[in-house]
Amino acid sequence: MASIRRTLSPYHDRQYQNGGTPFSTTPKHSGGSKYSSPLPAFAAFAVRVRRLIGELFYLHRHPPRKPHSHHHSWPRTFIYRCFFFFLLGFLLGLSPFGHDHHDDDEAASINRNHDFSFEINPPPQSNRVVDDLKLGEVSFNAKPNFKESERFDFVPRKQLIIVTPTYNRASQAYYLIRLSQVLRLVPPPLLWIVVEMYTASFETAEILRKTGVMYRHLVCVNNSTNVKDRGVHQRNTALDHIQRHRLDGVVYFADDDNIYSLHLFHSLRDISRFGTWPVAMLAQSKNKAILEGPVCNGSQVIGWHTNEKSKKLRRFHVDMSGFAFNSTILWDPKRWKRPTSVPIRQLDSVKEGFQETTFIEQVVEDESQMEGSPPGCSRIMNWHLHLEARHFDYPRGWLLQKNLDVVLPIK
């Protein structure tokens, strides 16, 4: 008679000192948590897998004897068990290990408030993180601060073309540096045309390179020993340059020894054709100040300020630094309907003090084509003082090669 041995696991029904089994099927979990944990099912699954591995190991070491009459039915049961546990593990893998009902409520509220939106919202931060950001006083908001109406209404500024004749003298560096400091404060675009006689000196070029203002250093080659003609020829050299290169902007003759306010250069961009304003200056006796320039009703010129009898014969009573004009008048006569295409230049054949009026007569016909600036011509924006000490040249390279004539010893 054939004997059939029962296949038992060597770990089955083994007792331990604490009275339990190697894997207890009674899970321990804390109550009151908002998470529903699948640990009980996972523990039972682990016990069954451990038991199945033990049985397979035992069968490998002790294979069963073959029956004489019929086949044993354990392989079919083993296949069923493997399939059952595979299916159970697959289902457990699909189920989440934890579930937060608070997250579901928050997601539902977000979906209700934003059904369809491309806005990217930052993740919620704890109060501690917000407090840390407040302590640092750091703003991470990179959103530009501008109005909707300012997006597409940008109007480029007019270019200012400042013409300055200069010559070698003791206070030349002081005057050029003082004027450059004012021009640096003017919003661009601005072009500073500095004109010297005969040759471009190293000292002037060195000053211009350090100003931080866009400039052009020109040289006037006209032979002239007269002080009056020198300034006329230098300005005409700048006018030739503007006309040849068709520079577009507002031209202003700014002598280096005058004093200018920043508001003057801001108001130059409001000129469409020809603008003028009053200039304060010292009289020839240097003991009183006089005013020369237009009298305005709003922006309309209705008269002129003048105190010098010798200049009452002039058509327009304006100082050289008291007017500005559109540069296209020089190279586009058809635009302004000029009757002739003769170049507009200052004349050296007229008496001193009449260069301004003879030049303006070539630009405009009468006061109706002028614009008073500012409206009412009630503000003094520049001063002409005439405080120059002539016939005193500056030291070469602005360096003193020897001591002065008078030296006071230290006692």
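So, which Phe residues form one aromatic cluster here? They are Phe253, Phe274, Phe323, Phe325 and Phe359.

Quick housekeeping: this is a predicted model, where local features need pLDDT of at least 70, side-chain atom pairs count only at pLDDT 80 or more, and totals for chains, interfaces and linings use all residues. Residues are numbered from 1 along each chain as its sequence is written, and side-chain values use heavy atoms, with hydrogens and water left out.

Back to the rings. The whole structure has 12 aromatic pairs, and a pair means ring centres of Phe, Tyr or Trp (its six-membered ring) within 6.5 Å, with planes under 30 degrees apart called stacked, over 60 edge-to-face, and the rest tilted. Take Tyr252 and Tyr260: they're edge-to-face, 6.1 Å centre to centre with 85° between the planes. Both Tyr252 and Tyr260 are buried (under 20% relative accessible area; exposed is over 50%, partly exposed in between, using a 1.4 Å probe and protein chains only).

Now Tyr167. The charged end of Arg230 sits over that ring, 3.8 Å from its centre, and Arg169 lies over the face of Tyr167 too, at 4.2 Å. The cut-off is CZ of Arg, or NZ of Lys, within 6 Å of the ring centre and within 35 degrees of the ring normal.

Arg169 turns up again at Asp257: leaving aside neighbours within four places in sequence, Asp257 is in contact with Arg169, Tyr175 and Arg178, contact being heavy atoms within 4.5 Å. Asp257 is partly exposed, at 21% relative accessible area. An unreviewed UniProt entry puts a "binding site" at Asp257; such annotations may be inferred rather than shown by experiment.
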